[in-house]
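Subject: Structure for your review

Dear colleague,

Please find below the structure that I am handing over to you. My notes on what was found in it follow directly after.

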Amino acid sequence: GAETAAPVTIGIPREAEPNDHAGTAERLPAGGWVLAERDHPGDVDVFAVTVPAGTYTFETAGVLGSCGLALEEDTELWVTGPGGRELARSGDVDAARLDFCSRVTLTLAAGTYHVSVRGVSTAWLGRYVLQVRAGG
């Protein structure tokens with residue numbers, strides 16, 4: 001048989017700066033994830049996600065450990081729709097139980113939405129994972 005070459009990407013999907021507002025938002029596929037970092041006070045990371053109609057969960061987590069035990073977390077995320085209208089926002093999932101991840105679940109029409117992430121405290125710097133998955 002004939003051999004065929006196929007491109008394969010190996011590695012971790014990492015955030016590409018600048019992505020501080022909707023005009024420079026980084027593309028993130030529905031069902032995908034990205035390793036990102038807040039590297040200066042006031043840093044906001046913005047990602048554009050295009051989805052078919054359905055229910056989606058947008059969630060941040062720490063890189064090392066799980067929610068509530070991660071060494072780098074404490075994010076706030078919000079989702080905006082067409083025209084920049086805010087649809088939902090989440091700070092800590094459960095600060096009383098030390099769960100400093102952020103999570104929003106929305107039923108959306110087909111389209112492109114923006115997910116923005118910043119630290120709950122402007123002084124918080126560190127890495128996080130942003131995941132977009134279908135379902136609740």
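Asp43 lies in the loop that connects strand S2 (33-38) with strand S3 (45-51); strands here are DSSP runs (E, at least two residues) and helices are DSSP runs (H or I, at least four residues), numbered from the N terminus. Please note that this is a predicted model, in which local features need pLDDT of at least 70, side-chain atom pairs count only at pLDDT 80 or more, and totals for chains, interfaces and linings use all residues. Residues are numbered from 1 along each chain as its sequence is written, and side-chain values use heavy atoms, with hydrogens and water left out.

Asp43 is buried but takes part in no salt bridge. Buried means under 20% relative accessible area, exposed means over 50%, and partly exposed is in between (1.4 Å probe, protein chains only). A salt bridge requires a side-chain nitrogen of Lys or Arg within 4 Å of a carboxyl oxygen of Asp or Glu. For Asp43, the nearest side chain of opposite charge is that of Arg38, 5.2 Å away; Lys and Arg count as positive and Asp and Glu as negative, while His and the chain ends are not counted. Leaving aside residues up to four places away in sequence, Asp43 touches Glu17, Asp20, Glu37, Arg38, Val117 and Arg118, where contact means heavy atoms within 4.5 Å.

Overall composition and confidence

The chain has zero helices and nine strands. Of its 136 residues, 39% count as buried. Among contacts with a separation of 6 or more, 67% are between residues 24 or more positions apart.

The mean pLDDT of the chain is 85, and 86% of its residues reach 70 or more; pLDDT is the predictor's confidence in each residue, from 0 to 100. Confidence is lowest in S2, at a mean of 90, and highest in S3, at 96. Where pLDDT is low, the predicted coordinates should not be read in detail.

Strand S3 and its partners

How many of the seven residues of S3 are buried? Six are, so S3 is largely enclosed by the rest of the structure. S3 pairs with strand S1 (residues 26-27) in the parallel sense over two bridges; two strands pair if DSSP finds at least two bridges between them. Within this pairing, Arg27 has Ala48 in S3 as its bridge partner. S3 is also joined to strand S8 (residues 111-119) by seven bridges, and these two strands run antiparallel. Phe47 stands opposite Val115 in S8.

Salt bridges

A search of the whole structure finds five salt bridges. One of them is formed by Arg103 and Glu59, whose closest N and O atoms are 2.7 Å apart. This pair links distant parts of the chain, with Arg103 in strand S7 (residues 102-108) and Glu59 in strand S4 (residues 54-61), 44 residues apart. Arg103 is partly exposed, with a relative accessible area of 35%, whereas Glu59 is buried, at 12%.

Glu59 also forms a salt bridge with Arg133, with the closest N and O atoms 2.9 Å apart. Here too distant parts of the chain are linked: Arg133 is in strand S9 (residues 126-134) and Glu59 in S4, 74 residues apart. Arg133 counts as partly exposed, at 25% relative accessibility.

Arg89 and Glu86 form a further salt bridge, with their closest N and O atoms 2.7 Å apart. Arg89 counts as partly exposed at 37% relative accessibility, and Glu86 does so at 38%. Salt bridges with shared partners join Glu76, Glu86, Arg89 and Arg118 into one network.

The nonpolar core

The largest nonpolar core has 20 residues, and those with the most contacts inside it are Phe58, Leu77, Val79 and Leu130. Such a core is a set of buried Ala, Val, Leu, Ile, Met, Phe, Trp, Tyr and Cys residues joined through side-chain atoms within 4.5 Å. At least two residues of this core come from each of S2, S3, S4, strand S5 (75-80), S7, S8 and S9. Beyond residues up to four places away in sequence, the residues that Val79 touches include Phe58, Leu87, Val104, Leu106, Tyr113 and Val115.

A loop residue

Phe100 is placed in the loop between strand S6 (86-90) and S7. Phe100 counts as partly exposed, at 25% relative accessibility. Its C-alpha atom is separated by 9.1 Å from that of Val120, 20 residues apart along the chain.

With kind regards
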